[in-house]
Amino acid sequence: MEFDFSPVITYAPTLMKGVGVTFLIALVVAIFSIVGGLLVAVISIFTNKVVSWPLRFFIWLFMTTPLLLQLYFLYFGLGEWILIPALMVGVLGLGFHYMAYNADIFIATIRSVSGGQYEASRSLGFGHLRTIYYIIVPQAFIRSVPQIGNNMILMVKDTSVLSAIGVAELVYASQYAISVSFRPFEFFIVIAVIYYILNLFMEYGQARFERMTADRR
């Protein structure tokens, strides 16, 4: 078997566009899922059951069903009534999926913060919302950094699933190049290397952020 990576060089601009789309999706989904997950966790803990139970059902639903099924439901199921662009479906589907996982992590870390800190804050004159915002949430967020970071690394790899609904990320871009060049093995090797490099950068960034916040835990 002979290897020929010349088609990879020829279609490098196509692959780089796919990398750009993957990076953009990952960035938007990371912000959306972290901020949304934190809001869901705070609301589900500090509000009454009428509000918290639907949010807990949301977490359970997205954590117990496959990501691909969720994407198909949003794109093909809801697509019968609402026409949503594939890119938006990809961002929303991936965002809600990891929002649920992040919310579950935030719920655990918020509960791990000592209840005495809440009482001490209130005794110092902080209101309920200010106590949550300035005392509870910052500590819970710092404690959740390792788990959230791992989730975001998994999320970057899961962007490849979006090729199933036609989002032009890295895997989808490579499929086009493979269909023209008929060199799948070479392209798959290069794609694996690209994902490996992306993961290395993310692991490095996560490690640095963990060291920065270690003294605040």
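Reader: Which residues do ring pairs link into a cluster?

Author: Phe32, Phe58, Phe62 and Phe96 are linked into a cluster by ring pairs. The model is predicted, so local features need pLDDT of at least 70 and side-chain atom pairs count only at pLDDT 80 or more, while totals for chains, interfaces and linings use all residues. Residues are numbered from 1 along each chain as its sequence is written, and side-chain values use heavy atoms, with hydrogens and water left out.

Reader: What describes a pair of aromatic rings?

Author: The distance of the centres and the angle of the planes describe such a pair. Rings of Phe, Tyr and Trp (its six-membered ring) pair if their centres lie within 6.5 Å; planes under 30 degrees apart count as stacked, over 60 as edge-to-face and the rest as tilted. By this rule there are 12 aromatic pairs. For Phe58 and Phe62, the ring centres are 4.9 Å apart and the planes stand at 55 degrees, so the pair is tilted.

Reader: Where do Phe58 and Phe62 lie?

Author: Both lie in helix α3 (residues 49-64), 4 residues apart, about one turn of the helix. Helices (H or I, at least four residues) and strands (E, at least two) are DSSP runs, numbered from the N terminus.

Reader: Are Phe58 and Phe62 buried or exposed?

Author: Buried means under 20% relative accessible area, exposed over 50%, partly exposed in between (1.4 Å probe, protein chains only). Phe58 counts as buried at 16%, and Phe62 is buried at 15%. Phe62 also forms a tilted pair with Phe96, at 5.9 Å centre to centre and 40 degrees between the planes. This pair links distant parts of the chain, as Phe62 is in helix α3 and Phe96 in helix α5 (residues 86-112), 34 residues apart. Phe96 itself is partly exposed, at 27% relative accessibility.

Reader: What should the 12 residues of helix α8 span?

Author: The expected span of a helix is 1.5 Å times one less than its number of residues. For α8 (residues 170-181) that gives 16 Å, and the end C-alpha atoms are 16 Å apart, which agrees.

Reader: Which residues of α8 are buried?

Author: Leu170, Val171, Ala173, Ser174, Ala177, Ile178 and Ser181 are buried in α8. They cover an arc (directions from the helix axis to the C-beta atoms) of only 155 degrees, which puts them on the same side of α8. What covers them includes α1 (6-10), α2 (12-46) and α9 (184-213).

Reader: What does Ser174 touch?

Author: Not counting residues up to four places away in sequence, Ser174 has contacts (heavy atoms within 4.5 Å) with Leu15 and Ile191. Ser174 counts as buried because its relative accessibility is 0%.
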